[in-house]
Amino acid sequence: MGPSLGPAATTPWWRNRRVVPFAVQAAAGLVVLVVVAFLLGNLVRNLTAAGLLLSWSWLDNPAGFDLAESSIPFSASQPYWLALLAGLVNTLKVVVVGLVGATLLGTAVGSAAFSSNGLLKRLARGYVELVRNIPLLLQLVFWYFVVFLALPNGVNAIQLPGLVLAKSGLYLGWFGEGWQWQLPQLTGGVWHAPLRLSVEFGALLTGLVVYTAAFIAEVVRGGIAAVPQGQWEAARCLGFSPLVTLRRIVMPQALRVIVPGLNSQYISLAKNSSLAVACGYTDLYSVAETTLNQTGRAVEVVVLLLGSYLVIDLLISALMNGLNAAVQLKER
Amino acid sequence: MVRFPRLAAVVPFLTALVLVGCASEDGGVQSQKLATIKARGTVVCGVDGKLTGFSFVAPDGSYSGLDVDVCKAVAAALFGDPAKVDYRDLNSSERFAALASGEVDLLSRNTTLTLSRDASGGNGLSFAPTTFYDGQGVMVPAASGIKGLKELAGKPICVESGTTTELNLADRMREINAAYTPLKFQTADQTYSAYLQGRCVAVTSDRSQLAAKRTGFPTPAAHTLLPEVLSKEPLTPATVNADPGWADAVRWTIYALMQAEELGITQANVAAKVVEAKANPNLADLRRFLGVEGDFGNQLGLPPDFVVKAITAVGNYGEVFERNVGSGSKLKLERGLNRQWKEGGLIYSPPFR
């Protein structure tokens, strides 16, 4: 006999603290592996049976369809990959502008909840409750069919300083040739401006901004409420105005709470942009759907779609995590 | 860690075992689908559901239309009862996925037969005989004064995404070298609302569909079809490529309706024709067609009198046409290309031999 056996050696393996967690993890991992292998195997097998193994060569074929709007030069004779890229650029365009707009509006509405003006406070509350309780798809349909498509055309178009709203598009003043500031002009019953946005873009952007801003407002309100009341009172004692107090004292502390919450709202906005097809905007999803219909390459197109949205959202997350690290309390 | 590779080796084996079960559902025996449908007792039919004349749901939930009658004829041929159909409303983007995944047995949804949809390297469908020869048209408000395609240059045109019309429009406009803005919507409702709201100066689709949708407009007379026909649109029911037995059953049920019109057999006189055929052994053609002699039904996996059942349920092709889209309907479409071949049309059934 060797050295006497300790109590640990007599513990059965199913009660061993080192074995059990390992075994559980191994079993869970195995289940995941089997499920994934089954799904992939099923896919490959069925695609092979249908003669539809994954192939990407079709991406170089001419698309054959036009796009209603594109920020990069595109015509029907150019390949599918360029059409999808144009769709992706359109998606990014609405996402980036939407993020900025939703942040500004959301912050304003969220801060308004702390206003001493009772009307402003109630308006902000009413806006949040109204908007966040109606499905986004319905709101997009509303903005597009009820608001933007009801805009008048030509002379009757709604003219604001530097901005004309017409059914044929939204015309903005911008720097034209030689960096000359140009205003929208009406020539021959048709508006012309250096910067023209489609009503589809306008409707989608408005819908996304108004919807996401309601959620951001709540995140901002929560962040501000998390700052102790004493900070407001101390600033008031020192003679700061409410606006300066918010900007210089409360917001920097509130940001630590707000930024992580913003992250998920930004991601939702990016994903929700795929509802563009409800209001006729040529986004990535819309182009992918046409591509799918014409090539029959369902799996490949869906993989591209999934990958694109995943990359967009991971990018947003990475940026927001960076911002989060920057606003956190620096501990030594 | 030693055990892992052995387990990994088991995974594909297990997967393969499970998959053998999956695979035998579709391939293998010739008409597995037919057996599945018979066991289930109903045909699941994918239709549009919103297109007057082709497939339209009435307020009481009942379906009617030319596409619907194809479903009814197939159900009648199989079960002797045209009501044994489960309808699924599908939009143009989801229709092929629904068929390929087996969610519907038969797609009877104003679908254009094209090479890429037929080919196994494309959508991999199996097309039945064309039930409606259509062409793509363009509708504009009558007040716009637009008389031809050329005048649409530089203008926005509404089109439903996921359709052949989208491609044809691009091709024709490129031919006449005219730039235009295609505004794509996912559903027909959105497409026509945007057109009626004046976002587009024109809307394009199959001429029959434009005529059908126009009947639902506030003032149908305020909209006209341009004379140009942009494309050939043979609207054709489809099944999956993988089951030729089921495809044959659908194909010959539709041919039976066409053949019945050619032989002058109608919903009203089919019973009398059966009596006549049974009484007279010299009418060999008629006896074979109506299943009084021969085994055509058996060869297709259908009852011997499937032709009689289909005609009793919906009538012959001419009756189906007139009732749903022709003179007996709101659409009042001409037979045109959809006349029998003897009258100069394209409706032609191969012989029942």
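How many bridges join strand 2 of chain A to strand 3 of chain A? Four: strand 2, residues 163–166, and strand 3, residues 169–172, run antiparallel and are joined by four bridges. Helices here (H or I, at least four residues) and strands (E, at least two) are DSSP runs, numbered from the N terminus. Two strands count as paired if DSSP finds at least two bridges between them.

Before going on, the ground rules. This is a predicted model, in which local features need pLDDT of at least 70 and side-chain atom pairs count only at pLDDT 80 or more, while totals for chains, interfaces and linings use all residues. Residues are numbered from 1 along each chain as its sequence is written, and chains are lettered from A and ligands numbered from 1 in the order in which they are written.

Back to chain A. Leu163(A) has Leu172(A), in strand 3, as its bridge partner. Both strands belong to an open sheet of four strands in chain A, with the order 1-2-3-8 and antiparallel pairing. Strand 1 (158–160) and strand 8 (195–197) are its edge strands, each pairing on one side only. From one strand to the next, the twist averages 15°. Axes, by the way, are lines fitted to C-alpha atoms, for helices over the stretch in contact, and angles run from 0 to 180 degrees between N-to-C directions.

Chain A also has a helix pair to look at. Helix 8 (residues 242–272) and helix 10 (residues 298–327) of chain A have axes that come within 9 Å and cross at roughly 170°. That makes the two helices of chain A roughly antiparallel; the cut-offs are under 35 degrees for roughly parallel, over 145 for roughly antiparallel, 65 to 115 for roughly perpendicular, and oblique for the rest. Among the residues of helix 8 that meet helix 10 are Leu255(A), Val259(A) and Tyr266(A), and those on the helix 10 side include Tyr309(A), Ile312(A) and Met320(A). Contact here means that the C-beta atoms of two residues, placed from the backbone, lie within 7 Å. By class, this contact has 13 nonpolar, three polar and three charged residues. Ala, Val, Leu, Ile, Met, Phe, Trp, Tyr, Cys and Pro count as nonpolar, Asp, Glu, Lys and Arg as charged, and the others, Gly among them, as polar.

Now chain B. Its secondary structure comes to 14 helices and 14 strands, and its C-alpha trace spans about 80 × 60 × 40 Å along the principal axes. Of its 353 residues, 47% count as buried. Buried means 20 or more other C-beta atoms within 10 Å of the residue's own, exposed means 12 or fewer, and partly exposed is in between, with C-beta atoms placed from the backbone.

How confident is the predictor? Chain B averages a pLDDT of 87, and 92% of its residues score at least 70; pLDDT is the predictor's confidence in each residue, from 0 to 100. Over residues 1–29 of chain B, pLDDT stays under 50. The complex as a whole gets an ipTM of 0.73 and a pTM of 0.75.

Next, where the chains meet. In the model, 35 residues of chain B are in contact with 28 residues of chain A. Helix 1 (3–26) of chain B supplies nine residues, the largest share of the side of chain B that touches chain A. That side has 15 nonpolar, 16 polar and four charged residues.

Chain B has its own helix pair. Helix 9 (residues 244–263) and helix 14 (residues 317–324) of chain B pack at an angle of about 100°, with their axes 6 Å apart. That makes helix 9 roughly perpendicular to helix 14. Leu257(B), Met258(B) and Glu261(B) of helix 9 make the contact with Tyr317(B), Gly318(B) and Val320(B) of helix 14.

Last, two asparagines. Most residues other than glycine have a negative phi, and most peptide bonds are trans. Asn110(B), however, has a positive phi of about 25°, and Asn177(B) has a positive phi near 60°. Which is buried and which is exposed? Asn110(B), in the loop between strand 6 (106–107) and helix 5 (115–118) of chain B, has 29 C-beta neighbours inside 10 Å, so Asn110(B) counts as buried. Asn177(B), in the loop between helix 6 and strand 10 of chain B, is exposed because 8 other C-beta atoms lie within 10 Å.
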